[in-house]
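Dear colleague,

I am passing on the structure below, together with notes on what was found in it. Please read the notes with the coordinates open beside you.

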Amino acid sequence: MANKEEGPQNFARRDLLLSIQAESQKRWTDERVFEVDAPAAGGDCGGKFFGNFPYPYMNGLLHLGHAFSLSKLEFASAYHRLCGKKVLFPQGFHCTGMPIKACADKLDHELSTYGCPPRFPEEDDGAAEAEAAQTAAAEKDPAKFSGKKSKAAAKKGTGSTQWDILIRSGIPEAEVPNCRDPMHWLRYFPPMARRDITAMGCGVDWRRAFITTDVNPFYDGFIQWQFRTLRKQGKIVKDKRYAVYSPKDGQPCADHDRATGEGVGPQEYTLIKMRALALPGRLAELEGAGPVFLLAATLRPETMYGQTNAWALPEGDYGAFRAPGGEVYIMMARAARNLSWQDRLPPTGAPERLLALKGQDLIGVPLQAPNCPHERIYVLPLLTILTSKGTGVVTSVPSDAPDDWAALIDLRRKEKLREKFGVRDEWVLPYEVIPIIHIPGFGDKAAEKACLDLKVQSQNDSKKLAEAKQQVYLKGFTDGVMLAGPHKGEKVSEAKPVIRAELVEAGQAILYSEPERAVTSRSGDDCVVALTDQWYITYGEADWEAATTRCLAAMETYGEEGRRAFEHTLGWLRQWACSRSFGLGTRLPWDPQYLIESLSDSTIYMAFYTVAHLLLNGDMYGETPGAVAPADVTDAVWDHVLLGAPAPRDCALPAGLLARMRREFQFWYPFDLRVSGKDLINNHLTFALYNHTAIWANEPRLWPRSMRTNGHLLLNAEKMSKSTGNFKTLEQAVADYSADATRVALADAGDTMDDANFEMTTANSAILRLTKELAWTEEVLRAMNSLRVGPHGFHDRVFDNEMNVAVAATRQAYEGLMFREALKAGWYDLLLARDAYRVAAGERRLHRDLVARFLEVSTLLLAPICPHTCEHVWRTLLRRPGSALTAGWPAADEPDYGLRRAADYLDTLVTTVRSERAKAEAPPKRRKGDTGPVTLPPKVTRAGIYVAARYGGWQEAALGYLASRFDAGGGCFPPDTLGSVLEAVRASGTTGNMPDKALKQTVLPFVRAKMDEAVKGGAQLLATKLPFSEAELISDNCGYLLRVLALEALEVCEASEAAAAAAGRPHIAAAQPGSPVVHFAAPAEANGAS
C-alpha cells in the first residue's frame, strides 16, 4: 500500500490513517496526556508504571530495529496507562564514547582529501561513463538485466565511505558537511530521534529528555556523583590489566567502540620458549644476535610432556624480533605486535624485526623444548595453521591433540609429502606418540583413539577432526589424570595452572593474550590486547556479585532464556575498564585526563529521569536558564534526593523544589520495566544490575523489577542492511504505512528472544484492515437504531462470551509482554468472532447492545497498539468523553468456556454435515470401461444426527484412569501412563475376554487421542460427558442449522447399538460425545426426519 505502483486507492487508505494520526497526536500534545508528575504526598494515584528503553546512540537516524525494541516498552506503557496507572515513559539520547568522534573524523578526512562533495579516486571518468552507459542500456531494454558493477563500483563497495553511509541513512546532502564537527551530531540527531519517536505515537514525557556527555551540565554532574559514590565504596580502582585496545585511538576498545567484535575479550595463552639448537639456512643471519627461541602459543601447557615436534606454516610470513635480555623471538608479526603492547617485546607497538622469514625457512630447525622427553625435536610443516590466532608456531602433542596426530601420521606415511617440504626421515620417523594423560573412555592416547573411531583419513578431514577435539579436550581437562612428569597422578584440572606457573617461573614460557576473535574499532583500527594502566570497576567482586545475583533472582526476566543469559554473564564478568582518552563524555572527576566510557555512564540514568524535568527547563541540552543552576546540584543534593541522606543545610535549591525532587524519585523508583536487545545482557544490562546493587546497597526495594530482552529485527526475513537496500528508517516506515500500521507489524513481528521479522505485507494488510474497520464502524453506527433489542439468544450469548474471552486473553498477553498474542486475541480473533456472529445472526439481526459493547471493547483492547485509530473511533465516532488512552480497561465477566465449547461444537457440526452431504450427493465413480449414463444421487433435504450422551464401558474406565494421572498444573501425563492404562482397563472388567492384541488395537488409539487432547486443552477433555447436552443444543439451534445447511428437516436421535439395529444402520453406534454420526435422507425416503 505504500508503493506507488499499487495505485491511488491504496494511498488514499494510508493517507486517511496519516490524517487521523496527525489529529490524534495534536490532541495529545495539546492535552499533555503523556506529561505526568508524582502525586502530592499522600495522594492516591491508582498505581504507577515506570518503564524505560536504552537511550539510542546518536550517530544516525532511528531505524526499525530501534523501533522494535522501543515498541515493547510503548505497548506496555500504553496498556498500564489504559488501566488507570500513572505511567512514566521518558527518553534520553546517548552521545558518549568514540563512535560519533570517529565518524566525524572519518568524514573530515574524506572531505579534506577528496573535496566537498567528495570525488573518490575510484570514481574516474571512465568508470562514470561506463556506469552511465550501462544505466542507459538498461532503460532502453528493461528486459535485459545486468547484475555486474563497473570495476570502480565493485572496488568502492556500497556505503563504504562515511559520506555514503550518511547519504544512505537519509541525511540531506547539504547537511552532511556539517557532520565533520562531532558537536553537530549532538545537535542534529537527537531532535530527529524525538521527531520520529513522536511520529510513531509513543507516549513519551519529553520534558525529561536529555543528551549525555558534558554538553549537558546536569547529566554530567549526575554521572560524576555516581562515580564518586562508587569510588568511595571501593568499587573503582586503578590497576594494570589486559584489555582489548586500539593503538590508533590510544585507549581500550569497549563493546560500543567497536565496528566488529562486540563481546570479544582477551584470550590468554602460554608461549612456550623453544630454543633453536642450530640456525640453518636463512636463520644463519641471526648468528651472534643472542639465543633464538621459537614462541609456540598453547592453551594446554600441561601437555608439553608429549611433544614430538613443532609446526610451522610453510607459506606463512614470520619474523625474528629482538627481545629483552638479548634474546630473539620468532613468530608472526601480528603476534609480535600484540606482545609488544604487553610490556614483553619493546618498543611498545613497534617491535624491532631483525629478519623476515617464511615458514619454509623454519622447517627442519632443531629445537630444545621445555618438559619434552626428547633432547631435540624438529619443526615440521602443518598446512592448517591459522594466521589469525596464536604465533604461527605450534607445539605438537599427537597423544592428546587430534590435529597433531593426523598431521604427524600423514608425514610418517607419505614419503612424497616429506619430499615436497624437504623433510628428512630422521626428523619424523623416530618419533612415536607419547602417552601423557589418561582419559576415561579414551585411554592413554586419546587423540589417536578419537581419530580412529571417527575414521579420520588425513589432516584435511577438518569436520571429523573438529569433532574429535570436542570429544577429547573438555573431557581431558575435567576427567584426565597426568601420566608423566612430576605431577603424575594428579588431575589435569589441578595440575594445569601449577605447570604453567612453573614454566613461567623457570623462564621457559611467557604469558600472552590476544583478542579471542578479530576486533576492529570504529576508527578502523585492528585491536590488540594491551596491558593498560586504567581505572576499573570491580565487577565480579564476591560480595557485590552475590548481591547482584540476589537482585536477578527477584527480577522478572519474562522467560528462562533471558535469566540464563544473565546468570552466564554474572559468571564470567570481571573488572571492566571504565576510562577512555578519546571520544565524548563525562570526565572522570578525580582524574580528568580520562573520560568515562559509554557503557559505564549508562547504568543508573533511569534515576535521573525522575527529576530531569525539574532541572532541565524543557531543554534536553540543559542550557536554557531556569530555576536551577548546574553548580547548585551538588553531591549532597544527589545524596539527599536519591539516597535519602539529610537535606544539605547550605543548599542553593529552594526547599520546595528539593522536596519535590525527592518525592518524584521515591514515587517512580524502582523502574518497573526495562526493554532492550538481548545483545546488551553481556554488558549494559548486567552493568545496570551491578550499579543498582551498589548505589542502593541497603535498599533492595529500589533494585530493578523486570527486564525484557528481544532478538534482532529482520526486514522481510532478511538482515537489515544499508548496503543491500534492505533497510528502513523509522521515519520512512511511518511515512509509508502510518504509525498504527507500522505498530501492528512491529507487534506481529515476534515476542521471543529469537530474531523477529517485520513484514511489509503485514503493515500493508494492517492499512487495509484498519480502514475497513473504520468504514464498518461508521456504517453500523448509522444503522444502530434498526438493530435488534430484547433478550439474548444462543448466538448472542456466544458472541458476548467471546468478548469476555478476548478481554481476559488480551489482558494476560499484555501483562506478559506477549504483544503478538495481544494483537491476536484482542483484534484478529475478536474480529473473527464478530464476523461469525454476523453470519450466525444475520446482518440485520445483530443485537444493538452487543454491537455497542463490541465497538467499545475492540477499541480499548487495540488502543495500546493502534492508539491513533482507536482515539479517532473513541472520540469522533463513538463520541465518548476523554481519551481512549486513559478510558480504563473494559469490564467483562469471567469467560464461560463451557459455552465456548458448545459454540465450537456447533461450528464443527456444520462443517461435518456439509462435508458428509457433499459425499452423499457426489456422483458414483465410473468403473473402467463403463460408458453408460450416470445416475446422480438424490439431493439431500433431511438429516438425522445421532449423539452419544456419555462414554461408557472400557472408554469410561480409560478416561477415569487418565484423569487420575493427569497433572493439570504441568499439562502432562507421567511417562508410564500409556503402558499402564491397559492394565487399568482390563481390571475394570469392561473388556470381557478380549485378547491382549485386540485390546491394544482397540484401546490405545483412543487413549492416545485423548491424551493429546488433554495436553492441549486441559483436564476437562477427559470427562465422560460434555458440559452441555448435544441433543438440546442442536434442538435449540435447529432453525439456524436448517438455514445455514439449506435443509428442510433435522432430527436429533440418541446413538446406541439398539438404535442402530432398529434403524438398520450399524455405523450409528460409532457416535461418541462430541463426535455425532450424521445420516441423510432424500425426500422420497419413508423415514425422513421431521
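A word on burial comes before the rest: buried means under 20% relative accessible area, exposed means over 50%, and partly exposed lies in between, with a 1.4 Å probe and protein chains only. By that rule Thr869 is buried, because its relative accessible area is 6%. Thr869 has its place in helix 27, where helices (H or I, at least four residues) and strands (E, at least two) are DSSP runs numbered from the N terminus. Not counting residues up to four places away in sequence, Thr869 touches Leu17, Ile20, Asp740, Leu770 and Leu774, a contact being heavy atoms within 4.5 Å.

The model is predicted, so local features need pLDDT of at least 70 and side-chain atom pairs count only at pLDDT 80 or more, whereas totals for chains, interfaces and linings use all residues. Residues are numbered from 1 along each chain as its sequence is written, and side-chain values use heavy atoms, with hydrogens and water left out.

Overall picture

The protein chain has 34 helices and 30 strands, and its C-alpha atoms fill a box of roughly 120 × 85 × 75 Å along the principal axes. Of the 1090 residues in the protein chain, 53% are buried. Among the contacts with a separation of 6 or more, 76% come from residues 24 or more positions apart. The accessible surface of the protein chain is about 47300 Å², and 51% of this belongs to carbon and sulfur atoms; the areas come from the Shrake-Rupley method with a 1.4 Å probe, and for residues only the protein chains shown count as cover.

Annotated spans

In the model, residues 188–589 are 30% helix and 23% strand, with end C-alpha atoms 28 Å apart, while residues 674–763 are 38% helix and 18% strand, with end C-alpha atoms 26 Å apart.

Aromatic rings

A search of the whole structure finds 49 aromatic pairs, where rings of Phe, Tyr and Trp (its six-membered ring) pair if their centres lie within 6.5 Å, and planes under 30 degrees apart count as stacked, over 60 as edge-to-face and the rest as tilted. The pair of Phe222 and Phe608 is tilted, because the ring centres are 5.3 Å apart and the planes stand at 45°. This pair links distant parts of the chain, with Phe222 in helix 8 (residues 217–232) and Phe608 in helix 17 (residues 605–615), 386 residues apart.

Tyr814 and Trp889 are both buried. Arg834, in turn, lies over the face of Trp776 at 4.3 Å from the ring centre, and the charged end of Arg880 sits over the ring of Trp874, 5.0 Å from its centre; a charge sits over a ring if NZ of Lys or CZ of Arg is within 6 Å of the ring centre and within 35 degrees of the ring normal.

Cysteines

How many disulfides does a search of the whole structure find? The search finds zero, a disulfide being a pair of cysteine sulfur atoms within 2.5 Å. For Cys103, the nearest cysteine sulfur is that of Cys179, 9.5 Å away. The sulfur of Cys578 is 16 Å from the closest cysteine sulfur, in Cys253, and so is too far for a bond; Cys578 counts as buried, at 0% relative accessibility.

Backbone

Most residues other than glycine have a negative phi, and most peptide bonds are trans. The peptide bond from Cys116 to Pro117 is cis, with omega near 0°, and the bond from Tyr669 to Pro670 is also cis, with omega near 5°. Phi is positive at Arg32, near 55°, and at Leu817, near 60°. Arg32 counts as exposed, at 56% relative accessibility, whereas Leu817 counts as buried, at 3%.

Best regards
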